[in-house]
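Below are my notes on this structure, written for someone who has not seen it before.

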Amino acid sequence: MVNENSLTPQDESHRVATTDDIEVSTYLEIAKEIGGQQPASAETAVSGAEREAIIVLDFGSQYNLLIARRVRESHVYCELVPHDTPWEKVAPLNPKGFILSGGPSSVYEAGAPLAPAYVYESGLPVLGICYGMQAITKQLGGKVAPGTKREYGHAVLHISQQDSPLFEGLTESTTVWMSHGDKIEQMPQGFTALAQTENSPYAVIGNGKGMYGLQFHPEVAHTPEGKTMLHNFVYKVCGCKGNWTMGSFVNDSMERIKEQVGDGKVISALSGGVDSSVVATLIHRAIGDQLTCIFVNNGLLRTEEAERTLKAFKSNMGMSIIYIDATDRFLDRLKGVIDPEQKRKIIGEEFIHIFEEEAKKIGKVDFLAQGTVYPDVIESVSSVSTASAKIKSHHNVGGLPARMTLKLLEPLRFLFKDEVRLVGKQLGLTEDMVWRQPFPGPGLAIRCIGEVTRDKLVILRGADYVLMNEIKKAKYYRQLWQSFCVLTEVRSVGVMGDFRTYGYMVAVRAVTSDDAMTADWARLPYDLLARISNRIVNEVSGVNRVVYDITSKPPSTIEWE
Ligand code: XMP
């Protein structure tokens, strides 16, 4: 029997970045706490005369980030902005067209969100998706009414106007993904129906002047030719040139960093994670020793983690790094603490103390660099919080005190995670760094159930090292969102040689996920699990039992604490 969720080993050296690689935010808390100066979006996007952008006006659909992602995959810069963003804010981006997103509202309800007048008055092309299409219809004098039944799922689209630029390269019929309750009863004047589904006579409408509406979602994978339609919209309808590449981003970004920082000083917390590594490398490339990185070893890192990160950045790239081995400080404060939240709080606070102490020693510092990425920005703008954020006090480094009046430098704040990885590659970071699985700020403390002691950390590090080694050897590392060991408090009886043992039980956790908000346990092959278990029990003293965690999130979480 073939299991839908089963994984197969992959040639990991050629994997292309996908949206599946989006990781959790790292230093969001700092940004919120110090409320540093956020650059206007126009300053951090594509620069100069070459600038062109597609603006997605956000009406609240869960797929909105995906629209921006798809457009960018076509090498056209795209930003998602709240639906009521004023023209002054979008004009500097040099928009070539607008996309009105889907959303949960009904246009005929009082107070339903609508597009600003400039969308219709600018003469630029407009593509309305689902709710966006209904907004266009209502605002231009057509009629939208509640549907008799909700249309949800696959539908077959029949194209009646094959010569529309939107459909270039498409066959007469194609599958699309529907998710709507309302329907168009009467198109606005000047519009005609370009394609139909069984239930939607107006599945695609257009006015011959660059304005289109789609009743379905072209951005989702369930609409296989949706990407082509979006591509056609940006190139054939909006006339974009397609200058959004990671190479152009790196060059533009370095220029902007130089301009912004002048002869000021920048500090950054380096953790070895993808975002902080890319941000440090990019800034270092732009301004050299004006950047100082602070790397705090909290004693909760994995085998050789500190050494490897230091070697990569200090020896190989010549970065100025302050390395603080604060193991004793963290472990002393964690003595006797068993409550997971308490552990998290202590680690966050201690980090801030140390970071602040070290920053003071540097003297006058002007900027704090952070690895904020686009999904974090969107999340904070739309105040959609992750379910996990309410369950655990999620953060890497807590929040820096408001008295540290630093300006923020966030060169990655308009990039998706997979774009960050591509920038990392462009900057010459090793594959190992660019493809690192997420590792939580509180580190091994939240994988060591109960009190964190040095002895238990030695055991956990040993087990985790074996697991990673086997996962990488079997070529599963990149397919897994995360894979790690948890040292439980359970001890059980075993037999080794002729002797009775009474040892710890290690739990192996391996999950697949798109965004860490939901996750599934990975269906790793039995023989791989057997090898992992065998090696851990044989090579890690103190462990005589290994179990595999087969719970998904929800109802579990990825980490155990
Ligand atoms: P949970 O355990 O809530 O974790 O399902 C979701 C994702 O977040 C990571 N995680 C953290 N990341 N600081 C971080 O930067 C934290 O305090 C933290 N706690 C959990 C976890 O590894 C998973 O990827």
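1. Helices (H or I, at least four residues) and strands (E, at least two) are DSSP runs, numbered from the N terminus. The model is predicted: local features need pLDDT of at least 70 and side-chain atom pairs 80 or more, while totals for chains, interfaces and linings use all residues. Residues are numbered from 1 along each chain as its sequence is written, and side-chain values use heavy atoms, without hydrogens and water.

2. The second largest pocket has a volume of about 520 Å³. Among its 18 lining residues, E305, R308, D432, R436 and K472 are the closest to its centre. A pocket here is an open set of points on a 1 Å grid over the protein atoms alone, where a 1.4 Å probe fits, with protein on both sides within 12 Å along at least five of seven lines; lining residues have an atom within 4 Å of a point. Points are joined across faces, edges and corners, and the volume is the space filled by probe spheres set on them.

3. Helix α17 (454–473) gives at least two residues to this lining, as do α10 (305–316) and α16 (431–434). The largest share, five residues, is that of α17.

4. N199 sits in the loop between β7 (192–196) and β8 (204–206). Because its relative accessibility is 41%, N199 counts as partly exposed (between buried, under 20%, and exposed, over 50%; 1.4 Å probe, protein chains only).

5. Leaving aside residues up to four places away in sequence, N199 touches K149 and E151 (heavy atoms within 4.5 Å).
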